[in-house]
Amino acid sequence: MTARSTRCTTAKTRTSRLAAVAAIAVAGSMLLTACGDQTNSGSTKEGGSSTAAANKAPLFSKLPADIQKAGVIKVGTDASYAPMEFTEGSKIVGIDPDIAKALSKQLGVDFQFTSGTFDGLITSIYTGRQDLIMSAMTDNKKRQEGLDDNGKKIGKGIDFVDYFSSGVSLLVKKGNPQGINSLDDLCGKTVAVQRGTIYEDTFKAQATKCGDKKLTIQAFDTDAEAQTRVKAGGAVADLNDFPVAAYIAKTSGGGNDFEVVGSQSDVGLFGIGVSKDKTQLRDAVKEALDASIKDGSYAAALKTWNVEDSAVKSATINAGK
């Protein structure tokens with residue numbers, strides 16, 4: 001987990017993560033001007049930050065008073081996971097920012113995205129630096145309860161408003177030279193993955209299953225580094241959400257770098273993370289998601305990225321396993 005810092009850092013970007021899509025067309029400007037251990041930031045411009053404008057939004061009154069006054073919800077993300085969230089020039093764009101735009105219309109406040117490393121996002125909720133996490137984060141009991149990989153309590157945990165459904169798939173070098181078609185095919189080989197993700201957990205579970213036929217796991221700060229390792233032949237596979245893996249396979253190197261193999265596994269829910277102490281904010285976000293599902297703006301955001309199959313029918317809280 002990254003520690004809170006007051007020192008300004010240079011913006012850094014990371015390539016690719018989710019859904020085959022013909023064109024990158026995202027509404028909402030994301031201006032990059034952050035300091036500290038989160039590197040890129042920006043806000044949606046749909047709700048407006050003035051109280052007068054915000055009061056016209058249907059669910060503005062549901063928000064906590066401090067957020068009503070600020071006119072902003074601060075959102076932590078790792079903007080290196082296209083098309084969920086990534087940088088395009090000076091903007092943070094993608095599926096999550098588009099969904100946030102739909103929520104912004106309901107709540108009447110800006111969603112200000114700030115990018116940092118994935119494994120530091122929950123800490124940013126604990127410290128209060130961010131109000132929410134929107135970063136294709138899988139909702140699971142470990143994160144809800146604040147447990148590490150060994151079941152040890154390391155934090156108070158966070159709540160999730162579940163908003164997206166996805167399975168995971170293996171991403172291998174184009175042509176699949178190692179003949180990888182399932183997790184079991186990885187035994188005795190080396191894999192690459194982004195540190196702190198559910199995919200690293202999946203590889204660790206597989207390593208235990210492999211036993212003496214050792215599975216070596218190389219974990220990196222970003223998924224782009226893991227992809228580079230696979231492309232260079234230093235690892236046989238990366239693991240990612242299916243739409244993300246498909247997007248990478250389609251776009252990286254003009255479609256000549258990677259391919260997706262095997263079938264999807266571990267279908268689960270992505271959640272918007274929120275502090276357990278902020279139940280009013282959590283419930284307001286849930287209500288806003290349900291309203292955006294009802295009015296069609298949620299579906300429109302998913303359609304932009306060709307990921308309609310990942311839609312949830314209604315918002316849930318802590319429904320991940």
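This is a predicted model: local features need pLDDT of at least 70, side-chain atom pairs count only at pLDDT 80 or more; totals for chains, interfaces and linings use all residues.

Guide: Residues are numbered from 1 along each chain as its sequence is written, and side-chain values use heavy atoms, with hydrogens and water left out.

Visitor: How many salt bridges does the structure hold?

Guide: A salt bridge is a side-chain nitrogen of Lys or Arg within 4 Å of a carboxyl oxygen of Asp or Glu. By this criterion, the number of salt bridges in the structure is 12.

Visitor: How many residues apart in sequence are the parts that Lys 142 and Asp 201 tie together?

Guide: Lys 142 and Asp 201 form a salt bridge, with their closest N and O atoms 2.7 Å apart. Helices are DSSP runs (H or I, at least four residues), numbered from the N terminus. Lys 142 lies in helix α5 (residues 141-145) and Asp 201 in helix α6 (residues 198-210), so the parts tied together are separated in sequence by 59 residues.

Visitor: Is Asp 201 buried or exposed?

Guide: Buried means under 20% relative accessible area, exposed over 50%, and partly exposed in between (1.4 Å probe, protein chains only). Lys 142, at 22% relative accessibility, is partly exposed. Asp 201 has a relative accessible area of 17%, so this residue counts as buried.

Visitor: What is the relative accessible area of Asp 257?

Guide: Asp 257 forms a salt bridge with Lys 231, the closest N and O atoms lying 3.7 Å apart. Lys 231 is partly exposed at 39% relative accessibility. Asp 257 is buried, and its relative accessible area is 15%.

Methods:
Helices (H or I, at least four residues) and strands (E, at least two) are DSSP runs, numbered from the N terminus.
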